[in-house]
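Subject: Structure handover and findings

Hello,

Here is the structure for your files. Please open it alongside this message, as the notes below refer to it by residue.

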Amino acid sequence: MHLYKENSRIKEAEFLGWTEDGKEIKMKIHFEDFVYFKTVQFSEPVIKFRITIKEVYPGEKWQDTAISAVMFPVTIDKIK
(Lines give C-alpha, C1' and ligand atoms only; values in the text may rest on other atoms or scores of the structure.)
Protein backbone atom coordinates (compact mmCIF):
# COMPACT_ATOMS: atom_id res chain seq x y z
CA MET A 1 0.00 0.00 0.00
CA HIS A 2 2.88 2.39 0.68
CA LEU A 3 3.83 2.27 -3.02
CA TYR A 4 0.43 3.70 -3.94
CA LYS A 5 1.24 7.17 -2.59
CA GLU A 6 4.90 7.04 -3.66
CA ASN A 7 3.97 7.04 -7.37
CA SER A 8 1.77 9.62 -9.04
CA ARG A 9 -1.83 8.51 -9.66
CA ILE A 10 -4.35 9.40 -12.36
CA LYS A 11 -6.65 12.26 -11.36
CA GLU A 12 -8.25 13.11 -14.74
CA ALA A 13 -8.18 11.10 -17.95
CA GLU A 14 -9.77 11.32 -21.36
CA PHE A 15 -11.19 8.12 -22.83
CA LEU A 16 -11.68 8.08 -26.57
CA GLY A 17 -13.36 5.06 -28.15
CA TRP A 18 -14.22 4.11 -31.72
CA THR A 19 -17.25 2.07 -32.71
CA GLU A 20 -17.21 -0.50 -35.50
CA ASP A 21 -18.69 2.07 -37.91
CA GLY A 22 -16.01 4.68 -37.03
CA LYS A 23 -18.00 6.86 -34.62
CA GLU A 24 -15.87 8.51 -31.91
CA ILE A 25 -17.05 8.60 -28.31
CA LYS A 26 -15.14 10.86 -25.90
CA MET A 27 -15.42 10.96 -22.11
CA LYS A 28 -13.55 12.87 -19.42
CA ILE A 29 -13.23 10.76 -16.26
CA HIS A 30 -12.23 11.86 -12.74
CA PHE A 31 -10.46 9.42 -10.39
CA GLU A 32 -10.58 9.76 -6.60
CA ASP A 33 -7.26 9.40 -4.78
CA PHE A 34 -7.66 6.01 -3.10
CA VAL A 35 -7.29 2.37 -4.17
CA TYR A 36 -10.38 1.10 -6.03
CA PHE A 37 -11.50 -0.20 -9.41
CA LYS A 38 -13.11 2.49 -11.56
CA THR A 39 -15.80 1.30 -13.96
CA VAL A 40 -15.79 3.22 -17.24
CA GLN A 41 -18.50 2.33 -19.73
CA PHE A 42 -18.91 3.77 -23.19
CA SER A 43 -22.44 4.62 -24.33
CA GLU A 44 -22.16 1.94 -27.05
CA PRO A 45 -19.73 -0.89 -27.87
CA VAL A 46 -16.29 0.18 -29.09
CA ILE A 47 -13.68 -1.85 -30.98
CA LYS A 48 -10.69 0.18 -29.77
CA PHE A 49 -9.99 2.97 -27.31
CA ARG A 50 -7.30 5.35 -26.10
CA ILE A 51 -6.67 6.64 -22.59
CA THR A 52 -4.93 10.01 -22.29
CA ILE A 53 -3.81 11.04 -18.80
CA LYS A 54 -4.66 14.73 -18.38
CA GLU A 55 -3.83 15.32 -14.69
CA VAL A 56 -2.23 13.33 -11.86
CA TYR A 57 -1.99 13.37 -8.09
CA PRO A 58 1.77 13.86 -7.48
CA GLY A 59 3.77 10.99 -6.03
CA GLU A 60 5.57 11.41 -2.72
CA LYS A 61 8.72 9.75 -4.08
CA TRP A 62 8.44 9.19 -7.86
CA GLN A 63 6.68 11.09 -10.64
CA ASP A 64 5.95 8.15 -12.96
CA THR A 65 2.33 7.10 -13.46
CA ALA A 66 1.09 3.59 -14.18
CA ILE A 67 -2.23 1.87 -14.81
CA SER A 68 -2.16 -1.38 -12.87
CA ALA A 69 -5.11 -3.11 -14.55
CA VAL A 70 -7.63 -2.83 -17.37
CA MET A 71 -10.42 -5.40 -17.42
CA PHE A 72 -13.02 -6.01 -20.11
CA PRO A 73 -16.47 -7.58 -19.64
CA VAL A 74 -16.91 -10.81 -21.56
CA THR A 75 -20.09 -12.77 -22.02
CA ILE A 76 -20.01 -16.53 -22.47
CA ASP A 77 -21.67 -16.40 -25.92
CA LYS A 78 -18.79 -14.25 -27.24
CA ILE A 79 -16.19 -16.83 -26.17
CA LYS A 80 -17.69 -19.66 -28.26
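The model is predicted: local features need pLDDT of at least 70, side-chain atom pairs count only at pLDDT 80 or more, and totals for chains, interfaces and linings use all residues. Residues are numbered from 1 along each chain as its sequence is written, and side-chain values use heavy atoms, with hydrogens and water left out.

Pocket

The largest pocket holds about 1,400 Å³ of space. A pocket here is an open set of points, on a 1 Å grid over the protein atoms alone, where a 1.4 Å probe fits, with protein on both sides within 12 Å along at least five of seven lines; lining residues have an atom within 4 Å of a point. Grid points are joined across faces, edges and corners, and the volume is the space filled by probe spheres set on the points.

The lining has 42 residues, and those nearest the centre of the pocket are Lys-38, Val-40, Ala-69, Val-70 and Met-71. By type, the lining splits into 26 nonpolar, 8 polar and 8 charged residues. Nonpolar covers Ala, Val, Leu, Ile, Met, Phe, Trp, Tyr, Cys and Pro, charged covers Asp, Glu, Lys and Arg, and the others, Gly among them, are polar. At least two lining residues come from each of helix H1 (2-6), strand S1 (9-18) and strand S3 (48-57). Helices (H or I, at least four residues) and strands (E, at least two) are DSSP runs numbered from the N terminus.

Core

The largest nonpolar core consists of 8 residues: Ile-10, Ala-13, Phe-15, Ile-25, Met-27, Ile-29, Phe-31 and Phe-42. S1 and strand S2 (24-30) are the elements that give two or more residues to this core. Such a core is a set of buried Ala, Val, Leu, Ile, Met, Phe, Trp, Tyr and Cys residues joined through side-chain atoms within 4.5 Å; buried means under 20% relative accessible area, exposed over 50%, and partly exposed in between (1.4 Å probe, protein chains only).

Leaving out residues up to four places away in sequence, the contacts of Ile-25 (heavy atoms within 4.5 Å) include Phe-15, Phe-42 and Thr-19. Thr-19 sits in the loop between S1 and S2 and is buried, at 4% relative accessible area.

Aromatic pair

There are 2 aromatic pairs, counted when ring centres of Phe, Tyr or Trp (its six-membered ring) lie within 6.5 Å; planes under 30 degrees apart are stacked, over 60 edge-to-face and the rest tilted. Phe-49 and Phe-72 form a tilted pair, because their ring centres are 5.8 Å apart and their planes lie at 55°. Phe-49 is in strand S3 and Phe-72 in the loop between S3 and helix H2 (76-79), 23 residues apart. Phe-49 is partly exposed at 32%, whereas Phe-72 is exposed at 57%.

Loop between S3 and H2

Gly-59 is also in this loop and is buried, with a relative accessible area of 13%. Beyond its neighbours within four places in sequence, Trp-62 contacts Leu-3, Glu-6, Asn-7 and Ser-8.

Regards
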